Amino acid sequence: MILPMCFTSFDEVTAWLDSFTPPSSTRPGLVRDARLERMRRLLDRLGHPEASFRTIHVAGSKGKGSTSRMLSSILSANGLVTGLYLSPHLVDYRERFTLDGEFFPDSLYLDVASTLREMVDDFRLPEEYGYEKPSTFELYTAYAYLLFKAASCQWAVIETGLGGRLDATNTLLSEASVITAIELEHTAILGDTIAKIAYEKSRIIKPGQKVFCGLLPVEAMAVVRAEAERQGARLYSLADELTSLETHTTKKGEECRIAFADGSSFTLSLAMRGEVQARNAALAVLTARTLGFTVHRAALEGATLPGRFELVRHNGCDIVLDVCHTRVSMAHTVSSFKALYPDRSTRCCIFAAIEGKDIHHMLETLTNAFDYIIISRPDQAKRSDVEAIWAEAKAMAPAGCTVTLVKDTRDALCEAEEHGKAILIAGSFYLASLFEEVIHAEQQ
């Protein structure tokens, strides 16, 4: 596809950015190992747009998107022009780059993309970096920085893509680092133990900065604490700062009360449901207050993101879309779902997962909570052995639990609506994205 130098639609922008995916012949490990130097070279070329605003850098296995959204909402409510960079998106690419909780004007998306294309048109990286062009994610990250600069952002909350240590965002000199939950995920890349994954996440910590972490496993906490000490960074742990955290999932929202060791407390009704969101809110509050921002209750309560225990009505059924894809996050999601729908006979689940996830333990949670489970596929472009997942689910399902395989998205939804009035769709970001598109397209 030959695209004009000046873009006329956002579809052209995303087509151009996605065209930079390294070819299959490229050694991905070499590109990843050189990621920070690659990104530094790219930012040199662009004049370091990331230096024009202050940043909070967020890493974690789960919860980093929600925590980032809450933080950006708090900063905006303090009167600061605030950008937010997330990945991946659920339905619309523009979800990755937002301004004060809203999309940028269409003209700015196009103008900045045209500028970026012109600046990198003849840009090449050294051969030893594995791929002479910037990768898609490197360009998305640079694009976000240019958007934030063009919009005169004063602050930006930046979520890591994969890991932290070698993530393209880790060239930032951030004001603060935030580490949310740490679980086993992307083990082929990040390591096969909690400690190894914690090491990858903790390496976003910069010398002398403030660092905030959520409720981490003991082995992860030890790694984060050691890295903070090595960097001379001040660590604020939610485990040390919280005295109590009470939460309950309702159709209205997540009703929670957060109490801190300094005697302060917050009673909130969060738009983002799910018991894990109370933890994310507590971490966002701890971070914002310690950095000197006022926490406006309405800003925190009103923060939303698609696919985070998102409740929609479709054909007379309640459908919850959730992007959980780890063992612990699935347990939290199912616990919240059961609180909303205590009658097991009304519940049905559609599940899919890509390769590399802890599928066994997610299935274990689901087969203990549902009598009807549909195994589907997350996305045609993502590697997933759906037949093997189906076989494993059937083997572990207790008596009375039916497990069926329906690969097509619309067919799976139709079957689920025949067997339950409360449907959970979970296990993969890409699965939630497919159903988000189907459901909302039919509702428009």
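**Contacts, core and sheet**

Colleague: Which residues does Tyr143 touch, not counting residues up to four places away in sequence?

Modeller: Tyr143 touches Phe10, Val13, Leu17, Phe97, Tyr109, Val112, Ala113 and Leu116. They count as contacts because that term means heavy atoms within 4.5 Å. This is a predicted model, in which local features need pLDDT of at least 70 and side-chain atom pairs pLDDT 80 or more, while totals for chains, interfaces and linings use all residues. Residues are numbered from 1 along each chain as its sequence is written, and side-chain values use heavy atoms, without hydrogens or water.

Colleague: What makes a set of residues a nonpolar core?

Modeller: The members are buried Ala, Val, Leu, Ile, Met, Phe, Trp, Tyr and Cys residues joined through side-chain atoms within 4.5 Å; buried means under 20% relative accessible area, with a 1.4 Å probe and protein chains only. The largest such core has 42 residues, and Tyr143 is among those with the most contacts inside it. Helix H6 (136–150) is one of the elements giving two or more residues; H6 gives the most, 10 residues. A second, separate core has 37 residues, including Leu80 and Tyr236.

Colleague: Why are strands S4 and S8 said to stand at the edges of the sheet?

Modeller: The open, mixed sheet has the order S4-S3-S2-S5-S1-S6-S7-S8. S4 (102–103) and S8 (234–237) each have a single partner strand, so one side of each lacks a neighbour in the sheet.

Colleague: How do you know that S3 and S4 pair?

Modeller: Pairing needs at least two DSSP bridges, and S3 and S4 have two, in the antiparallel sense. The strands themselves are DSSP runs (E, at least two residues), as are helices (H or I, at least four), numbered from the N terminus.

Definitions and conventions. Buried < 20%, exposed > 50% of the residue type's maximum accessible area, 1.4 Å probe, protein only.
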